[in-house]
Amino acid sequence: MESSAAENWWVLPLTFLPPISGKNESAATLSAMATSFIYLAIFACVAWAGTALLYWAHPGGPAWGKYWRARRQSPRCQIPGPKGLPVVGSLGLMSGLAHCSLAAEAARRPGAKRLMALSLGPVRAVVTSHPDVAKEILDNPAFADRPLNHAAYGLMFHRSIGFAEHGPYWRALRRVAAGHLFGPRQVDAFAPYRARVAEGVVAALRGSAGEAAVQVRGVLRRASLYYIMRFVFGKEYDVSRGVPESGKEVEELLEMVHEGYDLLGKENWCDYFPGLAAVDPQGVGARCAELMPRVNRFVHGIIQEHRGKAIAGGDARDFVDILLSLQESEGLADADIAAVLWEMIFRGTDAMAVLMEWTLARVVLHPDVQANVHRELDAVVGRSNTVEESAVPSLPYLQALLKEALRMHPPGPLLSWRHRAISDTYVDGHLVPAGTTAMVNQWAMSRDADVWDAPLEFQPERFLPDGKAHDVSVLGADGRLVPFGSGRRSCPGKSLAMTTVTAWMATLLHEFEWTPASAGGVDLSEVLRLSCEMAVPLEVRVSARRNVRDYARLQLKA
Ligand code: HEM
């Protein structure tokens with residue numbers, strides 16, 4: 001338990017108390033005692049406020065001050081950082097667009113881009129906006145844990161990969177997922193279904209080609225959700241049909257996913273002050289308790305359906321089949337399987353749809369970029385042909401476009417989920433004690449002129465073979481661009497996500513010309529939920545690039 005001399009001030013006023021003896025039990029003594037207790041209370045308050053101010057005066061704020069006072073020493077070299085307010089520290093920075101507030105705060109202090117200390121209530125935190133330090137944190141096994149998240153607990157996600165404590169259970173889940181879901185063979189096996197979903201999106205958009213403005217978010221979310229549903233649950237839906245035609249089940253699922261996003265993305269005060277959990281001031285706990293039985297009914301229903309049928313063989317087995325077949329050998333309870341499956345739906349649906357919407361927004365905003373992609377597609381695929389996934393490796397400009405979209409609009413600007421130090425460790429030469437939360441600000445690195453040339457310009461060319469950043473991978477090897485994280489906790493779905501999004505973007509860009517819905521262009525404002533989304537949903541007009549006969553063929557297939 002961390003304590004310091006400052007915390008023991010309260011004993012001083014005890015000396016004011018009159019001695020208690022049988023003879024002194026007169027009214028005068030009682031009143032003297034009452035007065036002494038009032039002094040005691042005032043003194044305790046002053047001592048508490050004094051201690052809070054003492055802690056707060058430390059760089060990085062109260063949580064860091066408390067730590068160093070308890071150790072009765074000062075760090076050799078302080079990690080720079082804002083003090084914030086007494087007691088709550090810099091919690092205010094985490095509301096709204098936290099990645100922007102943290103970037104602004106780091107830019108204001110010398111050395112804070114490399115590593116900045118801050119206090120989130122009593123929780124010590126560090127954040128980096130520097131590529132070398134980002135790699136150091138992400139690849140350091142000491143940061144393989146996740147901090148407390150009450151909503152994740154409420155939704156049973158502490159039994160899923162993303163929030164499970166670092167240890168044998170988490171390792172077993174990662175092994176199963178890597179070996180049976182996200183391996184190259186499994187990703188390839190789903191190529192035909194990826195193509196079917198892409199055709200469904202084309203068919204859905206074709207209905208509005210050349211006419212009214214379309215909001216693409218709805219169809220992109222449905223496409224991602226249906227795709228992951230097929231990948232994970234083995235359930236198939238038709239994207240070209242609107243939600244009402246797809247039935248009540250899909251509507252309910254979309255609603256549950258939406259509610260889950262909202263809950264997991266919320267800055268919950270109880271995560272910093274666990275004592276508040278009983279009061280649940282933001283109502284997060286109550287909403288989780290309401291959502292959980294609905295999720296359980298849905299997911300356990302699917303598990304029972306799979307148990308009822310013979311397990312299908314072949315590479316295109318879904319993840320439920322795989323988890324059930326490994327249930328005994330890996331010691332997984334039904335509740336564990338449900339948590340893992342549900343998390344896949346969340347992560348898969350949200351981040352892929354968000355990335356596609358940002359990419360299309362940039363394509364609409366930069367007609368020169370769109371013309372370059374179209375030129376490449378026409379040369380490689382041919383204007384009258386449909387895109388085959390096998391063409392993607394020959395489309396370097398399209399791949400560069402997606403890298404640039406991930407650079408400027410990473411779906412997780414702070415990498416969505418934070419890391420927590422399991423043991424004392426050193427980062428950039430500073431001691432970071434066990435229990436400290438660590439964040440990487442990808443958004444800030446993307447906008448740093450010391451890291452990128454012309455960082456605010458949207459230039460896919462920088463990633464082309466003759467571009468300055470041609471060797472930068474998005475998969476975690478280079479600290480400048482880590483939209484999927486890096487190291488032990490990096491995204492296990494990154495290859496699936498990149499393969500899917502690249503293939504779908506190739507089809508959507510080959511099929512249509514994309515223009516803004518209004519003369520006002522595209523509003524690039526952001527809103528940070530579980531992912532960082534466009535605050536104003538993208539509205540576009542699409543017009544067909546290929547002739548109508550091709551569409552008639554697609555319609556028949558869809
Ligand atoms: C564009 C799409 C995606 C992006 C940008 C993305 C990004 C991320 C990021 C930044 C992390 C945290 C990394 C860290 O803490 O260092 C993460 C973790 C994770 N992602 Fe993804 N992701 C995407 C798609 C997917 C998909 C399709 C799935 C599965 C269907 C998935 C499943 C997960 C899981 C399970 C974790 C937790 C890993 C762990 O804690 O061990 N992601 N993702």
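Which residues does UniProt list for "transmembrane region"? The unreviewed UniProt entry lists residues 37–57. UniProt positions follow the numbering used here, feature names are shortened, and annotations may be inferred rather than shown by experiment. The end C-alpha atoms of residues 37–57 lie 30 Å apart, and the span is 95% helix and 0% strand.

The model is predicted: local features need pLDDT of at least 70, side-chain atom pairs count only at pLDDT 80 or more, and totals for chains, interfaces and linings use all residues. Residues are numbered from 1 along each chain as its sequence is written.

The protein has 20 helices and 11 strands. Helices (H or I, at least four residues) and strands (E, at least two) are DSSP runs, numbered from the N terminus. Of the 558 residues, 44% count as buried. A buried residue has 20 or more other C-beta atoms, placed from the backbone, within 10 Å of its own; an exposed one has 12 or fewer, and a partly exposed one falls in between.

Strand 1 (residues 116–120) is mostly covered, with five of its five residues buried. M116, L118 and L120 point one way, and A117 and S119 the other way. Strand 1 runs antiparallel to strand 2 (residues 123–128), and five bridges join them. Two strands count as paired if DSSP finds at least two bridges between them. S119 stands opposite R124 in strand 2. Two residues lie between the strands of this hairpin, where G121 takes a positive phi near 60°.

A further sheet is open and has three strands, in the order 3-11-8, with antiparallel pairing. Its edge strands, strand 3 (214–215) and strand 8 (512–516), each pair on one side only. Helix 15 packs on this sheet and touches strand 8 and strand 11. Contact means C-beta atoms, placed from the backbone, within 7 Å. The direction of helix 15 makes about 80° with that of strand 8. Such angles run from 0 to 180 degrees between N-to-C directions, with axes fitted to C-alpha atoms, for helices over the stretch in contact. Two bridges pair strand 3 with strand 11 (residues 539–544). V214 stands opposite V540 there.

The ligand is surrounded by 27 residues, the closest being G348, A351, G485, C491 and G493. A residue counts as near if its C-beta atom, placed from the backbone, lies within 6 Å of the molecule. Helix 15 (334–365) and helix 19 (494–511) are the elements that give two or more residues to this shell. Helix 15 gives the largest share, seven residues.

Conventions: Contact = placed C-beta atoms within 7 Å.
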